[in-house]
Amino acid sequence: MAMEIPAEVRRYWLPILLFTAGFLFQLLVLPRHFPPTHYDVLGIERFAPVERVVEAYERLSKEWLSETNHQPTVDIIKIRYAYELLTNPILKRDYDLYGLDEHLDVLERVKEQYQKEHFLKIDLPLLKDSVVSLTDDAFNLLTYESFNAAIAEEYPLIILVYSKGSPRCAQFIEYWKQIGTRLDGIAKIAMVEVGDSQLAGHFTEKGFSKQPFFRNGIPAIVAYPANCRSPSCYMRYPGGLYVDSVVDWVATSVVGLPRILYYAKEALGPQFIGKSGHHKVKVIFFSSTGERAAPFLRQAAQEYSNYASFAFVLWREDESQIWWNSLGVESAPALVFLKGPGTKPVVHHGTFSKSEFTEMMEEHKHQDLQQLRSDTSLELGCDARGHSRAGNDAAIWYCVIIAGRPGVELSKKRQILRKAQDQLIGAVDGSTTGNVDDLIEISSAATAFKDERLTFVWLDGEVQKQICAFYLATDFSGACGPRGLGDDNDKPEIFIVRFQRNATYEALKAEKRNNLVEALQGQHAYASQLVARYKGPDEIQEINRWISQIIRDGDTREIPYFTSKVPDLVPEETSKEWLRSTKSIRSAGKSLKEKISFRFQDYLTDPRIGSTLLMCGCVSLGIIWLRNNKPTQSTRQEKTPKDRTKRPRPKLSTSLFGQPSESIADVEPKDARQWEMSDSDSD
């Protein structure tokens, strides 16, 4: 049978809980966050000068050597550690200013090693000197005077707060050099020594005791983004002191560059190649280390976002055969460009610099068969409002378009049209071999392609359904319009558009006839357009013969000038969610999440918590006691006799004039008397 909780305990559970929490906080939690200082170990006042430290240590050391001394070795080690720390000028400065003590691991190791040994066997000194040596020019040391000018520059500024006597800073200084090299071109780096208390104290935090401190110790990293010009809007680095982590934080959170994700072999096809834009070149990096993308690669991903999509793959030896068979990659590091369906991957093995990568991106940023889109139509010469790729002097030019809904059938037709384009390129370069008659038949197309009067493109008929239906003179079916409208079969179609520039309009502009030109300039001068659809077989030679015949006829025949309003191309790059801008900067570099987590830790060091809990316990105890005693007082009042009787309320009646009148039955006449009743029945 379970033990029943007494009624008094159940009644006063809240005060008991508050009292218990208050005492536990004062006796257990608070002392752990306020351990004895090294000055307390030596028995001297805090911030005592070095002379007082030496005197206290000499006094205690004499006691060790006395025959009557039985002080444990662990206590002697603590005293020796405090002495070495507080007699080192740099370590004492850091400890007094910010509570920095980076050698506690040494203290714990020595205590464990010599706890059962005699103190004379301890290897002294306990602390080894570790001084950070660097030159001002190489690391851009900031002073209080140069600080405001440094944060006013247009580049983001990354600052390392360090101490000359810190072993962690001495180890991290080589990593800091690598970080500076990787951030070259996107951010500048600088350093601040904690001895400059006026400047270094600006980056500290302050708890309830108002003592400045570095929450994660030193070295500490802070950043001023490019849009930050106030000394209080810096950001604190919250992660580990690793080169890859620091560079990723600066590139993503400070500069605002996009991340380039890693993909496994199972996800690369469906998640990256399948879901990224059909018109974009796929740029795939193979890494053997698993490090995140360098900042200059992220810059390229941002600058070429309209042309290419970027991905990383971690190279594994057990998957090497898969990558060799599919992409032709032999080893990592490697860089692969996929320039459309059916095209041979362009592979670059080995490392590359920023300039080399920029050259490769400029060379391979377009697919072999480009997509006709709103932001490329003028560049490709497939827009009636512009001119051909040959320039303004060309009066007639052509655009071969394959239109269809994205899928297997469109990919096959794109490969065929791309091969037809490659055949013309070979004919121009003289590298194509074959029947002489066949080469003559495609010579017109080859010449037009060489003169940049002929362009090959493909059109997404599902997105660009309006212009697709306009050119093909059809409704939303087959090659145009979305799926699900009764046409389940994808039917990509090839057609050619002949553009002819308005020579009359250009002549008027050249002669500067303002009266007519101004009237014409109010309307946009569209080029004349004629469309021819291909109905032949899907053979490369037949397609090029057909194109050559169209060009010969279009260049030699007199064709009437026809213009019509062409539907505008729909912008396809409506959003770039993967391109994240710089985070909003908060004063003192704290986000809401950081504030919540750090504030909870700070409360554990607040000495007011325990006394507040005890006070709340007293208040709740008094409230409960008063509530429990109220029923007793009311019961006593009910038991007291009632001496007073209630006075009956007179009944009032309202007269005609609104005045109360006494009832006749209630008033006794003045001359009334009582008759005595007798028992006789006589008259």
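Which cysteine does a disulfide join to Cys-468? The partner is Cys-480, with an S to S distance of 1.9 Å. A disulfide is a covalent bond between the sulfur atoms of two cysteines; here it is assigned to a pair of cysteine sulfur atoms within 2.5 Å.

This is a predicted model, in which local features need pLDDT of at least 70 and side-chain atom pairs count only at pLDDT 80 or more, while totals for chains, interfaces and linings use all residues. Residues are numbered from 1 along each chain as its sequence is written, and side-chain values use heavy atoms, with hydrogens and water left out.

**The chain**

The chain has 26 helices and 15 strands. Helices (H or I, at least four residues) and strands (E, at least two) are DSSP runs, numbered from the N terminus. Of its 683 residues, 39% count as buried. Buried means under 20% relative accessible area, exposed means over 50%, and partly exposed lies in between (1.4 Å probe, protein chains only).

**The disulfides**

The structure holds three disulfides, listed below.

| Disulfide | S to S distance | Torsion about the S-S bond |
|---|---|---|
| Cys-228 to Cys-233 | 1.6 Å | about 95° |
| Cys-382 to Cys-399 | 1.9 Å | about 85° |
| Cys-468 to Cys-480 | 1.9 Å | about -70° |

With a torsion of about -70°, the disulfide of Cys-468 and Cys-480 is left-handed. Cys-468 lies in helix H21 (residues 465-472) and Cys-480 in the loop between H21 and strand E14 (493-500), so the pair ties together parts that are 12 residues apart in sequence. Cys-468 is buried, because its relative accessible area is 0%; Cys-480 is also buried, at 1%.

The disulfide of Cys-382 and Cys-399 is right-handed, because its torsion is about 85°. This pair links distant parts of the chain, 17 residues apart: Cys-382 is in the loop between H17 and strand E12 (396-404), and Cys-399 is in strand E12. Both Cys-382 and Cys-399 are buried.

Cys-616 is partly exposed, at 33% relative accessible area, and Cys-618 is partly exposed at 47%.

**Around Ser-377**

Ser-377 belongs to helix H17 (residues 377-380) and is buried, with a relative accessible area of 1%. Beyond its neighbours within four places in sequence, Ser-377 is in contact (heavy atoms within 4.5 Å) with Leu-372, Cys-382, Asp-383 and Leu-569.
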